Amino acid sequence: MQSVLITGGNSGLGYQCARVIAAAQPQWHVVLASRDRAKTTEAARSLTAETGNANIVAAELDLASQESVRRLAASLKAAPPLSAIVCNAGMQFTDLKFTAEGNELTFAVNHLGHFLLVNLLLSHLSPPARIVVVGSATHDPEQFTGMPKPDYRHAQNAAKPELDVDAGTAGRRAYTTSKLCNMMFAYELSRQLSVRGDNAITVNAFDPGLMPGTGLARDYGSVQKFFWRFALPVLRLLPGVNSTSRSGENLARLVLDPTLEGTSGKYFVGRKAVASSKESYDEAKASELWASSLEMVSLA
Ligand SMILES: NC(=O)c1ccc[n+]([C@@H]2O[C@H](COP(=O)([O-])OP(=O)(O)OC[C@H]3O[C@@H](n4cnc5c(N)ncnc54)[C@H](OP(=O)(O)O)[C@@H]3O)[C@@H](O)[C@H]2O)c1
């Protein structure tokens with residue numbers, strides 16, 4: 001029995017990725033993990049009806065809470081081993097917010113929660129297994145995305161950014177910085193597995209392209225939200241602008257495609273492996289992020 005865990009599987013990109021995997025592998029257990037229990041249960045029900053896969057389950061996960069991450073990891077360890085983990089859940093805020101544990105919320109959800117979850121579940125992966133981390137073009141200052149450039153100095157600063165930073169961009173900069181952390185995490189884990197000789201567990205990063213209309217901008221003001229939900233989707237014919245179903249297929253492919261067996265440490269934009277930002281390959285920064293993250297989640 002094989003299983004796959006998809007964080008943020010109750011909507012947007014994660015839901016579409018789950019749909020493709022559940023339909024392609026009707027015997028697989030597909031675990032959708034998000035905060036909103038009712039929405040996740042309904043997502044599992046509708047995916048079961050649509051794909052015929054009777055093994056789709058809803059799980060509760062709040063990546064902002066290390067206790068919640070540990071609870072999910074413990075419950076999954078009692079279930080069939082995992083063939084894949086898709087680190088997809090993500091949030092974007094306009095302002096800086098902080099978790100109960102005192103870490104900046106975007107960094108905590110997009111990076112730290114996934115870092116803890118994957119580390120806790122590494123021993124529960126059944127090789128050959130795949131880990132896919134959803135990043136974003138916004139991690140790369142060379143790409144025109146309309147977002148502030150990431151500002152990664154060190155993990156402590158990402159977790160507790162200086163509060164006198166430009167209030168107008170601080171929340172969105174925390175997002176692009178967290179997406180850079182996603183890239184450095186994926187590459188560092190791939191390197192560590194390779195050094196350990198664990199080549200049957202692969203780790204890749206993925207950029208779905210701009211997918212207007214998802215819940216990612218739910219914290220925005222009403223005008224911005226209007227554009228995100230109704231105006232931007234009209235631009236879907238432009239390059240780099242995608243529907244969630246097209247990007248969901250591309251994300252699912254990184255889990256399913258047999259020709260990608262053994263491919264690790266790559267960054268896929270859509271279906272193509274491309275180079276990510278220069279900073280994302282900075283091994284010293286990635287290793288500092290890793291060591292500090294271990295401390296922040298009490299795994300050091
Ligand atoms: N939309 C875009 O244009 C775009 C572009 C590039 C990259 N991305 C990336 O794509 C991924 C998916 O985003 P999306 O656009 O599909 O947005 P979405 O529709 O809002 O999906 C986000 C998912 O994450 C879950 N989530 C949010 N906070 C969580 C938390 N604290 N703990 C656990 N789950 C949480 C949400 O469920 P609950 O609210 O129920 O928890 C939801 O299922 C993100 O990593 C995002 O950065 C999106």
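Select helix 4 (residues 105–121) and helix 6 (residues 170–195) to begin: helix 4 passes helix 6 in a right-handed crossing. A crossing is called right-handed if the near helix is turned clockwise from the far one by less than a right angle, and left-handed if anticlockwise. Helices here are DSSP runs of H or I with at least four residues, strands are runs of E with at least two, and both are numbered from the N terminus.

The model is a predicted one, in which local features need pLDDT of at least 70 and side-chain atom pairs count only at pLDDT 80 or more, while totals for chains, interfaces and linings use all residues. Residue numbers start from 1 along each chain as its sequence is written.

**Helix 4 against helix 6**

Stay with this pair and display the axes, which come within 8 Å and cross at roughly 15 degrees. Each axis is a line fitted to C-alpha atoms over the stretch in contact, and angles between N-to-C directions run from 0 to 180 degrees. Helix 4 and helix 6 are therefore roughly parallel; that term covers angles under 35 degrees, with over 145 roughly antiparallel, 65 to 115 roughly perpendicular and the rest oblique.

Next, select the contact residues: Thr106, Phe107, Asn110, His111 and Phe115 on helix 4, with Ala174, Tyr175, Ser178, Lys179, Cys181, Asn182 and Phe185 on helix 6. Two residues are in contact if their C-beta atoms, placed from the backbone, lie within 7 Å. Colouring by class gives 6 nonpolar, 5 polar and 1 charged. Ala, Val, Leu, Ile, Met, Phe, Trp, Tyr, Cys and Pro count as nonpolar, Asp, Glu, Lys and Arg as charged, and the others, Gly among them, as polar.

**Helix 3 against helix 4**

Gln66, Val69, Arg70, Ala73 and Leu76 of helix 3 meet Gly113, Leu116, Leu117, Leu120 and Leu121 of helix 4. The residues of this contact comprise 7 nonpolar, 2 polar and 1 charged.

**Helix 1 against helix 8**

Move to helix 1 (residues 12–24) and helix 8 (residues 244–256), whose axes are 7 Å apart at an angle of about 55 degrees. That angle makes helix 1 oblique to helix 8, and the crossing is right-handed. From helix 1, select residues including Gly12, Gln16, Arg19 and Ala24; among their counterparts in helix 8 are Thr244, Gly248, Glu249 and Leu256. The whole contact has 9 nonpolar, 6 polar and 2 charged residues.

**The ligand shell**

Helix 1 also supplies the largest share of the shell around the ligand, 3 residues. Of the 28 residues around the ligand, select Gly8, Gly12, Gly90, Thr214 and Gly215, which come nearest; a residue is near a molecule if its C-beta atom, placed from the backbone, lies within 6 Å of it. The shell has 12 nonpolar, 12 polar and 4 charged residues.

**Backbone details**

Zoom to the peptide bond from Pro127 to Pro128, which is cis with omega near 0 degrees; Pro128 lies in strand 5 (residues 125–134). Then select Ser298 in the segment after helix 9 (283–296), where phi is near 60 degrees, a positive value in a residue other than glycine.

**The whole chain**

The C-alpha trace spans about 50 × 45 × 35 Å along its principal axes.
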